Amino acid sequence: MHIWVDADACPGVIKDILFRAADRLAIGLTLVANHPLRTPPSPHIRALQVPRGFDVADATIVERVQAGDLVITADIPLASQVLERGALALDPRGERFTADTIRERLTMRDFMDELRGSGIQTGGPPALDQRDRQTFANQLDRILQTATRR
């Protein structure tokens, strides 16, 4: 298993959880972003800077992800694409995307886009809180424990 992070919008506290997990379990972790990223010194952690452009980081992740890998993203279309490739997808709040839930999430995303396009203010998600961080850490641990038992 390799962990890929859609790092352009991933909160720093989530990256810190991922850094600790990658080092603790000796699992490869790659952060993909269109700007320079700082990573701790580790043989397991690297940053990949891609050119600026619409969905360039997403396309890079989809191109490189393999079945059984884990992708951390809040981007629902990206989650859908990596699920199609046999990878796992987890958002920074700890919600695991599955084949059963992704269609509903895509539909809701499209609906919200239509509302925003018609001028209705929908607001964004609330700030990440301690419960979200704990939910993410717990879900990540479950996924990694299952993967390392194989």
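Which strands does helix H5 lie across? Helix H5, residues 130-149, lies across E1, E4, E5 (88-90) and E6, and runs at about 165° to E5.

Okay, quick housekeeping. This is a predicted model, where local features need pLDDT of at least 70 and side-chain atom pairs count only at pLDDT 80 or more, while totals for chains, interfaces and linings use all residues. Residues are numbered from 1 along each chain as its sequence is written, and side-chain values use heavy atoms, with hydrogens and water left out. Helices (H or I, at least four residues) and strands (E, at least two) are DSSP runs, numbered from the N terminus.

Now the sheet. It's open, has six strands in the order E3-E2-E1-E4-E5-E6, and the pairing is mixed. To pair, two strands need at least two DSSP bridges between them. At the edges sit E3 (45-49) and E6 (96-97), each pairing on one side only. E1 (residues 2-6) and E2 (residues 28-33) pair in the parallel sense over five bridges, and Asp 6 stands opposite Val 32 in E2.

H2 packs on this sheet too, touching E1, E2, E3 and E4 (70-72), and its direction makes about 165° with that of E1. Angles run from 0 to 180 degrees between N-to-C directions, and axes are lines fitted to C-alpha atoms, for helices over the stretch in contact.

On to a helix pair: H2 (residues 56-64) and H3 (residues 76-84) pack at about 10°, axes 9 Å apart. H2 and H3 are therefore roughly parallel (under 35 degrees). Asp 58, Ile 61 and Val 62 of H2 meet Leu 78, Gln 81 and Val 82 of H3; contact means heavy atoms within 4.5 Å.

Conventions
Parallel < 35°, antiparallel > 145°, perpendicular 65-115°, else oblique.
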